[in-house]
Amino acid sequence: MSYIELKNIEKSFENKEVLKDVSLSIEKGEFVTFLGSSGCGKTTLLRCLVGLENVDSGSIYLDGQDITHVSAQMRGVSMIFQQYCLFPTMNLFDNVSFGLRMKKIPRKEIEERVNDVMTIVDMQDHLDKYPYQLSGGEQQRAALARGLIMNPKVLLLDEPFSAIDAKLRKELQLYLKKIHRKLNMTSVFVTHDQEEAMRMSDTIHLFHDGVLEQTGKPNDIYLHPNSVYAAGFIGSYNLIPEELLSKTNKKTCRRYAIRPEVIEMSKKVYVQSDEYEYLEGIITNQIAQGSVARTVITINSNIEISADSISQENFSYQIGEYVYLRVPKKDIVKLSR
Ligand SMILES: Nc1ncnc2c1ncn2[C@@H]1O[C@H](COP(=O)(O)OP(=O)(O)OP(=O)(O)O)[C@@H](O)[C@H]1O
Ligand SMILES: [Mg+2]
């Protein structure tokens with residue numbers, strides 16, 4: 001049995017099914033991400049796991065114990081909420097020590113543990129400050145400290161970096177991974193940002209409308225999305241109708257997905273080979289994306305395809321130019337649903 005097992009979890013609010021037969025398992029020490037668009041049930045699933053929400057049916061196991069009906073206080077699971085939820089009228093010492101004070105832990109032990117955890121998040125000089133005196137990133141680290149101080153078996157993090165700018169966000173992502181490894185935690189992270197999920201996770205569980213759509217390692221999900229939804233959500237796949245491709249298996253596939261970076265582009269017609277599919281069209285847009293440049297090519301005047309290349313290679317192409325494309329057949333993903 002895995003460290004955490006969710007079995008056939010169902011949850012409705014006011015007759016609306018929010019979680020539909022969700023089953024998944026998490027190994028000890030794993031960094032797992034629940035990924036999915038807004039409203040797909042990520043926070044609800046975390047709240048069921050931490051014990052703030054009862055499931056309608058199904059079971060939850062932690063370390064071999066059935067905790068489905070165990071109270072939140074007794075589960076040994078900490079959650080960092082989507083809003084930081086620091087108490088505005090308490091200084092950081094009181095905020096971070098709140099859980100320990102509720103448990104009536106002796107003052108001396110509380111001071112030692114606050115000191116330890118604030119050192120881990122590098123906030124030891126801020127103990128007397130109130131939340132309004134901290135930057136967003138510092139508040140985020142304080143919220144992390146408040147979760148860590150309880151020595152949880154499992155740490156749940158609900159979109160902890162959503163309100164933070166891109167640069168600090170990347171620093172905090174690396175920082176969280178470091179703490180995860182150092183404390184040998186099991187972490188469940190929620191995000192709707194696929195790049196963040198790819199960067200952070202050992203395993204991604206992709207959700208769609210309350211259903212677990214696909215589970216896998218980041219690279220597996222990226223290279224082998226199993227549905228139109230997964231292909232659309234992970235990376236920026238081109239979804240191609242079958243009539244554009246030469247020999248396709250019409251019985252099993254509705255659509256094909258092609259990643260922008262596997263498409264090659266040329267001003268001249270390619271010499272044909274069995275290893276490639278060939279397309280052609282007019283360049284209708286060019287988008288700078290830093291080191292990579294995206295070119296949008298319109299085929300048959302109604303289908304748009306994006307092709308990525310290293311920025312400098314793209315300088316020789318103009319909007320309105322007619323171009324030839326080739327795609328290795330091995331890189332074309334068949335989507336059966
Ligand atoms: N207490 C509640 N009462 C009624 N409906 C709820 C309740 N909590 C959540 N919902 C509904 O359940 C659905 C899933 O909500 P949830 O908060 O789990 O989504 P989410 O995936 O975390 O979205 P986001 O990325 O926006 O945070 C939403 O349609 C939401 O309106
Ligand atoms: Mg949420």
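Predicted model: local features only at pLDDT ≥ 70, side-chain atom pairs only at ≥ 80, totals over all residues.
Which residues in α1 are buried? Residues are numbered from 1 along each chain as its sequence is written, chains are lettered from A and ligands numbered from 1 in the order in which they are written, and side-chain values use heavy atoms, with hydrogens and water left out.

**View 1. Helix α1 is mostly covered.** The helix spans residues 42-50. Helices are DSSP runs of H or I, at least four residues long, numbered from the N terminus. Seven of the nine residues in α1 are buried. They are Lys 42, Thr 44, Leu 45, Leu 46, Cys 48, Leu 49 and Val 50. Buried means under 20% relative accessible area (1.4 Å probe, protein chains only). Gly 51 follows α1, and its phi is positive, near 100°.

**View 2. The protein chain has two parts, domain 1 (4-232) and domain 2 (244-334).** These bounds come from an automatic or database domain assignment. The C-alpha centres of the two domains are 39 Å apart. Five residues of domain 1 are in contact with six of domain 2. Contact means heavy atoms within 4.5 Å.

**View 3. Domain 1 and domain 2 bury about 450 Å² between them.** Buried area is the accessible area (1.4 Å probe) that two parts lose on being put together, summed over both. Carbon and sulfur atoms give 61% of it. Tyr 222, Leu 223 and Val 228 supply 74% of the area that domain 1 buries against domain 2, more than any other three residues. Helices α7 (218-223) and α8 (228-233) each supply at least two residues of the side of domain 1 that touches domain 2. By class, that side has five nonpolar, no polar and no charged residues. Here Ala, Val, Leu, Ile, Met, Phe, Trp, Tyr, Cys and Pro count as nonpolar, Asp, Glu, Lys and Arg as charged, and the others, Gly among them, as polar.

**View 4. Ala 230 sits in helix α8.** Why does Ala 230 count as buried? Ala 230 counts as buried because its relative accessibility is 0%. Leaving aside neighbours within four places in sequence, Ala 230 is in contact with Leu 206, Gln 214 and Pro 225. Glu 304 lies 74 residues from Ala 230 along the chain, and their C-alpha atoms are separated by 19 Å.

Methods
Buried < 20%, exposed > 50% of the residue type's maximum accessible area, 1.4 Å probe, protein only.
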